Each structure stands twice: as structure tokens, then as C-alpha cells.
Amino acid sequence: MEKVSAQQVMITVAPTGAETSKQACPALPTTLKELVATAQECEAAGAAMIHVHVRDDEHLPTLEVARLTETVAALREGCGLVVQLSTGGSVHDGFDARLRVLEAGPDSCSLTMGTTNFGDDVFANPWPFVVDLYQLSQERRVVPEFELFDLGQVHALGRLLREHGLPYGGRVHVDLVMGVPGGMPGDLPTMVAAVAALPAEVTSWSATGIGRSTLPVALGALAMGGHLRVGMEDVLTLARGVPVERNAQLVERAAAMAALAQRSPITAAQARELLAVAP
Ligand code: KMH
Ligand code: ZN
């Protein structure tokens with residue numbers, strides 16, 4: 001298979017998240033059926049990976065392992081996307097439940113590199129938890145995606161790799177999560193600083209702009225050679241007053257922006273190679 005080139009881009013879709021309620025946004029895919037249909041539509045639109053938060057029968061966020069396992073199996077059956085489970089969960093989830101996410105056997109897991117103020121809440125990721133989760137991902141052969149919410153977390157990644165070695169698979173993929181109230185802003189000077197500070201071991205990076213920063217972050221990442229994450233976890237409007245109706249709209253828009261930048265979306269199979277995820 002051909003290597004991923006600078007003229008290509010990996011699009012990750014984050015369709016659900018843990019923060020928005022189904023009542024507030026009925027278009028949010030919260031059932032397994034909705035999630036699989038979303039995955040299929042997004043893969044057809046150019047996505048290569050899916051970042052998954054699972055909901056229960058009441059549409060509330062859950063980290064119940066059986067539910068996660070069922071979701072991973074259904075996505076593997078229904079689409080080709082690289083399946084990444086969130087270990088961030090919701091701000092209310094405990095560390096043990098977040099570690100147990102890996103029991104569901106995903107291809108990839110998110111791994112946030114430090115504690116962040118998250119709106120009025122705190123997204124807790126103390127160093128011992130980060131190390132436990134990292135070591136568990138190495139033992140269980142799950143490829144982590146390092147989520148970096150601020151510049152301090154970029155440097156923390158360097159420490160993790162120095163002290164605990166490379167991830168399973170040997171590639172180091174990071175996602176800059178920008179524009180969270182409490183994290184780094186979603187602007188270009190910050191992106192330039194964060195990318196310049198990435199540890200030398202990093203082999204690929206993407207960026208995610210929350211809310212209003214979605215478009216500037218995506219355009220900046222495309223210009224700087226980064227990959228993209230989009231989805232209703234991160235933004236619920238296409239423009240002021242225009243709600244997103246389907247996650248695929250955001251993937252289609254990402255692919256169209258990439259086309260303007262003369263970059264084309266990679267397939268899920270290419271993403272597996274980029275991230276060193278088992279085929
Ligand atoms: N829901 C946030 C508290 C992740 O998925 O790893 C954490 C989050 C990051 O979304
Ligand atoms: Zn998430």
C-alpha cells in the first residue's frame with residue numbers, strides 16, 4: 001500500500017461526545033443503530049477514523065464495558081473505520097471506569113495528557129492516571145491518540161515518551177484540541193507554537209477546533225500539514241443559526257476544505273498504516 005503523503009489528509013469524525021443531550025439535539029447519534037449509520041455515511045464522505053463516546057438507553061454517556069464491546073463489534077461489522085474509544089468519557093467518570101474502556105478492545109483510544117478546566121467543570125487527568133492508562137494501552141496493544149488541550153500537555157507528552165517509551169505500534173499520533181474554555185485557544189499563533197513544541201517522536205498530528213474555532217483550526221491544520229478531526233462532539237452548527245443535521249455534513253465540509261488545499265482524504269486502510277493499527 002502507498003504511504004500517506006503530504007497531499008493527503010486523515011479525517012476523524014467525533015460524532016457524539018459526552019456533553020450534548022439528545023433532548024437538546026435530537027440529531028445527535030446516540031443509539032447503536034444511529035452510530036453505525038453515521039459511521040457508514042461518514043466513511044463514504046471521507047472519514048478514516050471514528051472517535052466514539054457511547055450512550056445508554058436513556059441517551060446518557062456510559063462507560064459500561066459490555067456496551068462498549070458491543071459498540072466496537074457493531075462498528076467493525078458495519079464499517080471499515082479505525083475505531084477509537086474515548087477514555088476521557090464525561091467529566092463525571094471515575095478513573096477506574098476510564099481505564100476499563102480498554103477491555104472493550106478498540107483499535108485506538110484517546111489519552112489526554114493533563115488536567116484541564118473544561119467550561120465550569122474539570123476534566124481530571126493527573127499524571128499517575130495518565131501513566132497507568134498509557135501502560136495499559138501498551139499492554140493491551142491499543143494505539144493511543146494523545147489529546148493535547150494546552151501547551152503544557154504538549155511538553156507532558158515528551159516526558160511520557162522519555163520515561164515510558166513509545167506506544168504500541170511505534171507511531172505517535174496527537175490531536176490538538178483547541179478552543180475548549182479552559183484550554184488553549186483555537187487560533188493560528190497557538191497552533192504554530194503547539195506544533196513547534198511537539199516532541200520529535202510525533203509521527204502525525206491532527207487538530208480539532210471546538211465551537212467557533214472549528215473553521216480557523218481546520219484551515220490552519222490543512223495549511224500546516226496536519227490532519228483533521230470534525231464532528232458533533234466539537235461543533236453543532238455549520239454557521240451561525242444553521243444546525244448540523246448529520247455528522248457527514250461536517251466530514252463533507254472537511255473534505256471540501258482539504259480539496260481546496262489540494263489534499264485528499266485517506267482511506268481507513270491507509271489510516272491503519274499511518275497509525276500502525278492492526279488491519
Ligand atoms: N468529554 C470530555 C470531558 C476524550 O474523548 O478523550 C473529554 C473528551 C476527551 O471528550
Ligand atoms: Zn471525546
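This is a predicted model: local features need pLDDT of at least 70, side-chain atom pairs count only at pLDDT 80 or more; totals for chains, interfaces and linings use all residues.
Trainee: Let's start with strand β5. Is β5 buried or exposed, and why?

Mentor: Five of the five residues of β5, residues 108-112, are buried, so β5 is largely enclosed by the rest of the structure.

Trainee: How should I think about the two sides of a strand?

Mentor: In a regular strand, side chains alternate between the two faces of the sheet. In β5, S108, S110 and T112 lie on one side, with C109 and L111 on the other. Both faces of β5 are covered, as these residues are all buried.

Trainee: Which strands pair with β5, and in what sense?

Mentor: One partner is β4, residues 82-85, which pairs with β5 in the parallel sense over two bridges. Another is β8, residues 143-148, and β5 pairs with β8 in the parallel sense too, over five bridges.

Trainee: I would like to find those pairings on screen. Which residue of β5 stands opposite L85, and which residue of β8 stands opposite S108?

Mentor: Look for C109 in β5 across from L85. For the β8 side, V143 is the residue opposite S108.

Trainee: Now the helices. How do α6 and α7 pack, at what angle and how far apart are their axes?

Mentor: Helix α6 covers residues 188-197 and helix α7 covers residues 214-224. They pack at an angle of about 45°, and their axes are 10 Å apart. Angles between the roughly parallel range, under 35 degrees, and the roughly perpendicular range, 65 to 115, count as oblique, which is why α6 is described as oblique to α7. The crossing of these two helices is right-handed.

Trainee: Which residues meet where α6 touches α7?

Mentor: From α6 come L188, M191 and V195, and they meet P216, V217, G220 and M224 of α7. Sorted by class, that contact has six nonpolar residues, one polar and no charged.

Trainee: And what happens between α7 and α8?

Mentor: Helix α8 spans residues 247-260. The axes of α7 and α8 come within 10 Å and cross at roughly 40°, so α7 is oblique to α8. This crossing is right-handed.

Trainee: Which residues of α7 and α8 meet, and how do they divide by class?

Mentor: On the α7 side, find A218, L219 and L222; they meet A254, M257 and A258 in α8. The residues of this contact divide into six nonpolar, no polar and no charged.

Methods
Residues are numbered from 1 along each chain as its sequence is written. Chains are lettered from A and ligands numbered from 1 in the order in which they are written. Axes are lines fitted to C-alpha atoms, for helices over the stretch in contact, and angles run from 0 to 180 degrees between N-to-C directions. Helices (H or I, at least four residues) and strands (E, at least two) are DSSP runs, numbered from the N terminus. Angles under 35 degrees count as roughly parallel, over 145 as roughly antiparallel, 65 to 115 as roughly perpendicular and the rest as oblique. A crossing is left-handed if the near helix is turned anticlockwise from the far one by less than a right angle, and right-handed if clockwise. Two residues are in contact if their C-beta atoms, placed from the backbone, lie within 7 Å. Ala, Val, Leu, Ile, Met, Phe, Trp, Tyr, Cys and Pro count as nonpolar, Asp, Glu, Lys and Arg as charged, and the others, Gly among them, as polar. A residue is buried if 20 or more other C-beta atoms lie within 10 Å of its own, exposed if 12 or fewer, and partly exposed in between; C-beta atoms are placed from the backbone. Two strands pair if DSSP finds at least two bridges between them.
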